[in-house]
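Here is a short briefing on one protein structure.

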Amino acid sequence: FCSHILQVMLVLILHSWKRKMRGWGIDECPFLNYETSSMKMNEKIKIGVSSCLLGEKVRWNGEHKQSLFVRDVLGKYFEYISSCPEMEIGMGVPRETVALYGALESPKMVGKKSQIDWTEKMKRYSKEQIKLLAEQDLSGYIFKSKSPSCGIGRIPVYSEDEPGKARHGSGMFASEFMKAFPLMPVVDEGRLHDQRIKENFIIKVFSFYRLKKSLLRKNARLGTLVKFHTQHKFLILAHSRKHYQSLGRIVAEAKKSPWSKVLENYIYLFMESFVYKTTNKKNTDVLLHMMGFFKKLIPPEDKKDILNAIEDYRKEILPLIVPVTLIRHYVKKYDVTYLQDQVYLNSHPKELMLRNHV
């Protein structure tokens with residue numbers, strides 16, 4: 001009952017803000033209207049995915065684990081490169097279930113009943129598949145959770161000496177993939193049910209894609225880096241002030257070091273910044289910082305309304321999209337050049353509704 005009341009209250013608040021924003025001449029209201037995308041995509045982003053999540057019947061029991069969010073929602077923006085390691089090493093469908101045994105760092109994959117050892121086949125497959133995937137220019141991977149081949153965490157590795165005792169690690173293929181591509185955004189479909197993890201993964205994928213398109217081009221130079229960093233400043237700040245400061249120093253002192261070293265350090269720290277998830281406090285700091293660029297341009301009443309929206313977001317009364325939309329409106333209205341290209345204001349297609357939750 002309480003949950004229903006909160007939902008009703010949120011809808012009323014959102015409609016109230018929609019009327020107010022239209023009164024200011026803001027027609028776009030992303031949390032209620034998804035007709036257009038805030039991010040123009042000329043091509044889909046290549047993402048690796050476990051085949052069963054797309055509805056392929058490759059599970060041990062001959063079934064699938066289709067995720068409609070992965071297939072239908074993210075599929076509008078992602079081009080999937082799918083695989084099922086257990087199928088592709090010849091286990092077949094249906095098949096005996098397998099489990100991991102032995103050392104956490106180098107476990108064995110063994111059939112639970114037959115005790116058939118699949119370890120070497122899985123190792124060879126992982127090595128060959130990773131080589132193939134390296135040619136696909138992936139920007140992320142969505143793995144099947146709880147899988148001894150594809151799980152990225154909390155997969156039991158049973159002791160060979162003490163029956164029933166287990167430690168927890170990653171599936172064999174997922175583990176080798178993450179070692180080969182340490183900067184690659186990865187997630188399992190189970191974690192996509194957590195709003196903040198989902199938001200962080202998707203924004204990380206789009207950011208990694210932009211990074212590759214910009215900084216990993218053959219003709220990328222210092223000017224390319226400066227432009228990229230300038231556009232991503234507030235997005236970085238929303239995740240980690242420490243990385244924001246460190247990346248700023250790398251750009252400022254870029255001429256003092258070899259270009260390859262500058263690029264390597266910047267890319268590593270940029271992707272590492274997304275390890276730290278955004279919070280209401282961090283986003284509030286970013287929003288107030290952005291306001292400083294145009295607060296003297298807008299009427300006092302409008303300024304008060306924006307500050308109230310930011311405060312309501314900080315108190316978890318309104319979703320982040322409300323103050324973000326207001327700021328985007330005034331950035332456009334007053335032609336605030338520095339903020340017009342800030343990725344923070346358009347970090348992902350708005351149809352994904354990542355900032356629409358309280």
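**Briefing**

Lysine 108 is partly exposed, with a relative accessible area of 35%. Here buried means under 20% relative accessible area, exposed over 50%, and partly exposed in between (1.4 Å probe, protein chains only). The model is predicted: local features need pLDDT of at least 70, side-chain atom pairs count only at pLDDT 80 or more, and totals for chains, interfaces and linings use all residues. Residues are numbered from 1 along each chain as its sequence is written, and side-chain values use heavy atoms, with hydrogens and water left out.

**Salt bridges**

- A salt bridge is a side-chain nitrogen of Lys or Arg within 4 Å of a carboxyl oxygen of Asp or Glu. By this rule the count comes to 13 salt bridges.
- Side chains of opposite charge can pair when their charged atoms come close.
- Lysine 108 forms a salt bridge with glutamate 160, at 3.4 Å from N to O. This pair links distant parts of the chain, 52 residues apart. Lysine 108 sits in strand S4 (residues 107–111). Glutamate 160 is in the loop between strand S6 (155–158) and strand S7 (166–169).
- Helices (H or I, at least four residues) and strands (E, at least two) are DSSP runs, numbered from the N terminus.
- Glutamate 43 and lysine 213 also meet through their side chains, in a salt bridge of 3.3 Å, N to O. Glutamate 43 lies in the loop between helix H1 (2–23) and strand S1 (45–50), and lysine 213 lies in helix H6 (residues 195–215), so the pair ties together parts that are 170 residues apart in sequence.
- Glutamate 43 is partly exposed at 39% relative accessible area. Lysine 213 is partly exposed too, at 42%.
- Glutamate 162 and lysine 165 make a salt bridge at 3.7 Å, N to O. Glutamate 162 is partly exposed, at 42%. Lysine 165 is partly exposed, at 49%.
- Salt bridges link Glu311, Arg314 and Lys315 in a network.

**The open sheet**

- An open sheet is formed by 4 strands in the order S2-S1-S5-S8, with parallel pairing. Two strands pair if DSSP finds at least two bridges between them.
- At the edges are strand S2 (78–83) and strand S8 (186–188), each pairing on one side only.
- From one strand to the next, the twist averages 25°. Axes are lines fitted to C-alpha atoms, for helices over the stretch in contact, and angles run from 0 to 180 degrees between N-to-C directions.
- Strand S5 (residues 141–143) pairs with S8 in the parallel sense, over 3 bridges. Isoleucine 142 has valine 187 in S8 as its bridge partner.
- Helix H5 (residues 172–180) lies across S5 and S8, and runs at about 160° to S5.

**A buried threonine**

- Threonine 284 belongs to helix H10 (residues 280–291). Threonine 284 is buried, at 7% relative accessibility.
- Apart from neighbours within four places in sequence, threonine 284 is in contact (heavy atoms within 4.5 Å) with Ile310, Tyr313 and Arg314. Arg314 also belongs to the salt-bridge network with Glu311 and Lys315.

**Backbone features**

- Valine 93 and proline 94 are joined by a cis peptide bond, with omega about -10°. Proline 94 is in the loop between helix H3 (85–88) and strand S3 (98–102).
- Lysine 146 is not a glycine, yet has a positive phi of about 65°. Lysine 146 lies in the loop between S5 and S6 and is exposed, at 75% relative accessibility.
- Arginine 154 has a positive phi of about 60° and is not a glycine either. Arginine 154 lies in the loop between S5 and S6 and is exposed, at 74%.
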